[in-house]
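This report describes how the parts of one model are arranged and how they meet. The sequence and structure come first, and the account follows.

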Amino acid sequence: MKFEGNHILSVSQFDRESISRILEISTLMAPYAMRKKRCHVLDGAILSNLFFEPSTRTRVSFGTAFNLLGGFVRETVGQENSSLSKGESLFDTARVISGYSDVIAMRHPTMHSVADFAKGSSVPVINGGDGANEHPTQALLDLFTIQSEMARYDMGLDGLNIVLMGDLKHGRTVHSLSKLISLYNNIKVTMIAPTALQMPDSVVSTLTDAGHEVVITDKIEGNLACDVIYQTRIQQERFASKDEADLYRGHFSLNRKIYQQYCHEHTVIMHPLPRDSRAEANELDIDLNDLDNLAIFRQAQNGVLVRMALFALSLGVESRLSHYEKPVTWYTNKY
Amino acid sequence: MKFEGNHILSVSQFDRESISRILEISTLMAPYAMRKKRCHVLDGAILSNLFFEPSTRTRVSFGTAFNLLGGFVRETVGQENSSLSKGESLFDTARVISGYSDVIAMRHPTMHSVADFAKGSSVPVINGGDGANEHPTQALLDLFTIQSEMARYDMGLDGLNIVLMGDLKHGRTVHSLSKLISLYNNIKVTMIAPTALQMPDSVVSTLTDAGHEVVITDKIEGNLACDVIYQTRIQQERFASKDEADLYRGHFSLNRKIYQQYCHEHTVIMHPLPRDSRAEANELDIDLNDLDNLAIFRQAQNGVLVRMALFALSLGVESRLSHYEKPVTWYTNKY
Amino acid sequence: MKFEGNHILSVSQFDRESISRILEISTLMAPYAMRKKRCHVLDGAILSNLFFEPSTRTRVSFGTAFNLLGGFVRETVGQENSSLSKGESLFDTARVISGYSDVIAMRHPTMHSVADFAKGSSVPVINGGDGANEHPTQALLDLFTIQSEMARYDMGLDGLNIVLMGDLKHGRTVHSLSKLISLYNNIKVTMIAPTALQMPDSVVSTLTDAGHEVVITDKIEGNLACDVIYQTRIQQERFASKDEADLYRGHFSLNRKIYQQYCHEHTVIMHPLPRDSRAEANELDIDLNDLDNLAIFRQAQNGVLVRMALFALSLGVESRLSHYEKPVTWYTNKY
């Protein structure tokens with residue numbers, strides 16, 4: 001796909017070549033995100049960061065990415081947007097706000113609202129999550145993380161053996177990620193979830209139709225010998241009773257002991273965060289915190305790189321980065 | 001009036017000469033707002049954008065305008081301001097915040113509060129709306145829009161034939177705009193509203209005392225053959241019953257059919273936005289969206305130009321803009 | 001102490017030498033805060049301004065300080081932070097947000113939460129207030145203000161004769177300030193408060209153990225002949241009845257008449273702000289507003305200088321300021 005001037009609304013709009021381009025440009029962003037160099041390629045540009053549904057992590061990550069390219073961020077958070085409550089259409093809001101902006105990142109609680117908004121926008125719109133529908137930048141940062149973690153073991157995305165675990169029914173991150181990895185070759189996906197929370201058939205079909213191996217199970221024993229475990233949250237409110245939820249949670253917690261018993265030495269652990277650290281949830285025990293293969297914080301950091309790449313591609317400056325570099329002259333321990 | 005170092009609190013403070021100056025500088029801002037060039041004349045300056053009453057559109061427009069001149073924006077939104085709730089006076093708040101800032105834009109729900117605040121401020125304060133009282137930057141952007149739309153037909157502000165329509169009693173935008181156009185020559189103003197929502201006498205007098213023609217009516221038929229229609233919202237809650245409101249709304253909706261039946265070919269449609277797009281309101285039908293004379297989105301965009309001009313004038317940098325210009329090197333389709 | 005790369009969590013971490021260093025660098029910041037020059041030493045750096053408990057004044061002051069050094073500010077305000085409500089630990093939040101940032105300023109309603117957060121942060125964290133515990137930047141700006149006000153009378157911090165007044169039991173600012181001044185020589189502290197609201201013994205001991213003179217009283221008569229009066233708010237809700245509160249308030253209000261009757265000609269009045277200007281409180285009467293020794297607004301402004309100094313020291317750029325200077329070319333009346 002052509003990126004310059006275009007929206008990023010769904011993982012469905014990407015083919016393998018366009019994803020490779022995003023991952024390649026994301027890699028170029030590491031020196032800036034890790035404060036080895038500063039970049040001013042978007043000095044004077046304005047991002048409108050529209051979070052009609054609050055999300056600290058994603059919002060700050062988008063804003064940080066734009067600042068790291070040198071641009072300004074104008075931000076709107078939550079239900080402040082009285083214009084929509086006065087009956088203004090998303091189309092009108094988009095026409096107005098895009099008139100102020102060079103690019104827009106938007107989260108909204110309603111499915112497909114970001115695509116509706118994009119129809120009225122005169123500038124590229126990046127979907128930061130539209131309800132239960134899509135969160136494409138999360139899927140891209142997950143894929144980027146898998147690629148960079150696997151590279152440490154001289155492996156790539158083709159041939160990946162991945163476990164998706166937890167609430168696979170409601171988690172849009174595992175849906176979108178499944179669609180993206182289906183574009184690669186010889187993937188094995190093991191889906192570990194209570195039956196009631198297993199992956200929707202449509203997502204499974206995306207993988208099997210592309211010729212990949214899918215294992216569906218509700219047991220972790222014997223199923224964790226993989227390259228990557230992608231853990232998600234078990235949400236108690238989705239179960240009939242707390243007792244039932246606790247039962248499942250007992251089975252789907254990951255800790256150091258389980259890791260050592262069932263995983264490969266190179267198995268990487270991912271999680272979209274936040275992880276629930278309360279004792280009754282404990283999906284990823286803090287005794288894993290000093291495990292080098294716990295990639296969850298590198299994964300969060302990669303969100304900045306991928307969002308920088310998407311801004312650079314949408315605004316057509318990905319080939320001009322090095323013209324605007326300067327050294328970093330303040331304290332940093334990021335690298 | 002002298003702009004440098006002074007507040008912008010009310011349309012009453014302007015004479016025709018000072019308005020001409022604002023409109024002239026606003027025109028100079030178009031290349032930056034349309035991303036033909038970048039400007040860094042306020043690089044390092046700080047705007048405090050104080051929106052004690054939320055307003056996404058106006059707030060983002062002020063912030064964008066300041067960023068486009070190169071400056072930073074520190075923002076406060078809504079009732080967060082616990083200092084006021086702890087009994088702090090507006091004077092004290094102003095003394096403190098102005099100590100941090102180079103200029104302040106402020107919206108507040110209470111009439112005259114911005115002027116009270118300005119008494120304590122050591123830096124210029126721009127009124128972004130103080131309750132039912134004033135919203136001078138809206139009036140200025142409306143006037144700028146009329147001038148630039150009329151220029152496309154080789155017309156100016158003198159001799160303007162304008163229709164104000166909708167809720168003329170409560171709409172502060174039509175009050176302030178009436179005061180501004182009263183400064184020009186040979187104006188005809190047709191005020192179309194239900195009798196209960198007609199323009200206050202004091203505003204009518206401002207126009208008639210200056211020798212202008214005013215027509216007061218509750219009918220659109222035969223009254224739309226004008227240069228500019230300024231439509232506003234009919235707010236149901238102001239009527240005795242929903243039925244009565246619906247009756248009025250039926251009469252005061254504008255759509256393509258009415259436009260073609262009653263308007264000149266050059267008649268420009270304006271609206272302060274947001275427009276209510278719900279079926280029962282529909283003050284400006286979306287079938288007008290592809291009408292070239294529908295100026296409502298250019299009008300919103302002009303808000304950025306006018307606010308850039310006011311910042312530049314208040315801070316005395318309007319003659320230095322071109323010293324700080326750089327090309328724009330990213331994707332844009334704004335011009 | 002070594003500042004570069006380290007957190008600022010408590011006044012207890014400073015010795016006299018490190019405080020001198022902070023005050024010295026704060027003084028260097030005056031030309032930038034007063035808009036005599038611009039500074040770009042942190043151009044491209046990112047502050048995460050995390051205010052989980054809202055505070056307009058402190059938040060804007062931190063953000064302004066960072067902008068004045070040339071850096072960008074990404075901001076989070078209030079209970080938006082749904083991650084914490086989903087059970088995320090402060091450690092995890094810190095790991096993620098610090099991955100986006102060069103430095104973090106944080107306020108949180110829970111005691112010791114900022115220190116807990118700092119354990120997970122990979123970048124320096126500055127405590128902007130953690131409940132009833134600490135607010136070290138306030139204590140430092142208070143000390144800086146005393147030093148600079150005393151300098152006008154050729155006096156220093158050693159030998160200071162200071163009155164602390166109001167609610168000394170609950171006010172964390174007077175606790176922290178007492179700890180800091182205990183590091184200097186020959187201090188006299190007069191603590192004027194109703195018995196029920198007197199200074200905690202532990203704070204008194206800090207001063208007496210260091211050999212300073214402490215006078216504890218509930219009368220202002222005869223006790224205001226000092227160098228500095230540090231007034232705080234009397235909060236009605238802490239008393240048995242409104243009548244009792246009013247009684248105390250009558251005794252602890254400061255106005256022009258009391259000032260002239262009991263104070264030295266050089267006595268400086270300070271207050272952490274906001275002051276309660278309602279008639280029933282009136283802890284500092286507005287008839288003091290044109291008194292040159294009313295330092296409260298200079299004190300607020302000094303918060304910017306001190307926070308600039310802490311950012312510069314934490315990021316190790318305090319010796320590089322002048323390499324990034326430019327003239328200010330817009331209107332200012334700050335000096």
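## Basis and domains

Domain bounds are those of an automatic or database domain assignment. On that basis chain A splits into domain 1 (11-135 + 303-327) and domain 2 (137-297). The separation between the C-alpha centres of domain 1 of chain A and domain 2 of chain A is 27 Å.

This is a predicted model, in which local features need pLDDT of at least 70 and side-chain atom pairs count only at pLDDT 80 or more, while totals for chains, interfaces and linings use all residues. Residues are numbered from 1 along each chain as its sequence is written, chains are lettered from A and ligands numbered from 1 in the order in which they are written, and side-chain values use heavy atoms, with hydrogens and water left out.

## Contact between the domains of chain A

Contact here means heavy atoms within 4.5 Å. By that rule, 26 residues of domain 1 of chain A touch 19 residues of domain 2 of chain A. Buried area is the accessible area (1.4 Å probe) that two parts lose on being put together, summed over both. For domain 1 of chain A and domain 2 of chain A this comes to about 1,900 Å², with 63% of it on carbon and sulfur atoms. On the domain 1 side, A:Arg16, A:Leu23 and A:His135 lose the most area to domain 2 of chain A, and together account for 35% of what that side buries.

A salt bridge is taken as a side-chain nitrogen of Lys or Arg within 4 Å of a carboxyl oxygen of Asp or Glu. The rule finds 1 salt bridge across the interface of domain 1 of chain A and domain 2 of chain A. A:Arg16 and A:Asp158 are joined by a salt bridge with an N to O distance of 2.9 Å. A polar contact is a pair of N or O atoms within 3.5 Å; within protein, one must be able to donate a hydrogen and the other to accept it, and residues adjacent in sequence count only if both atoms are side-chain atoms. Between domain 1 of chain A and domain 2 of chain A there are 6 residue pairs in polar contact (both at pLDDT 80 or more).

Helices (H or I, at least four residues) and strands (E, at least two) are DSSP runs, numbered from the N terminus. Two or more residues of the domain 1 side come from each of helix 1 (16-33), helix 2 (56-68), strand 5 (125-130) and helix 11 (296-314) of chain A. Helix 1 of chain A gives the most to this side, with 6 residues.

## Relation of the chains

## Interface of chain B and chain A

The contact involves 38 residues of chain B and 38 residues of chain A. Chain B and chain A bury about 3,300 Å², of which carbon and sulfur atoms give 49%. B:Phe297, B:Trp330 and B:Tyr331 lose the most area in chain B to chain A, together 22% of what that side buries. Only 5% of the interface residues of chain B are also interface residues in chain A, so the copies meet through different surfaces.

Across this interface the rule finds 5 salt bridges. B:Arg57 and A:Glu88 form a salt bridge, with the closest N and O atoms 2.6 Å apart. Helix 2 of chain B gives the most to the side that touches chain A, with 9 residues.

## Interface of chain A and chain C

Chain A and chain C bury about 3,300 Å² between them. Chain A and chain C have 5 salt bridges between them. A:Arg35 and C:Asp102 meet through their side chains in a salt bridge (2.7 Å, N to O).
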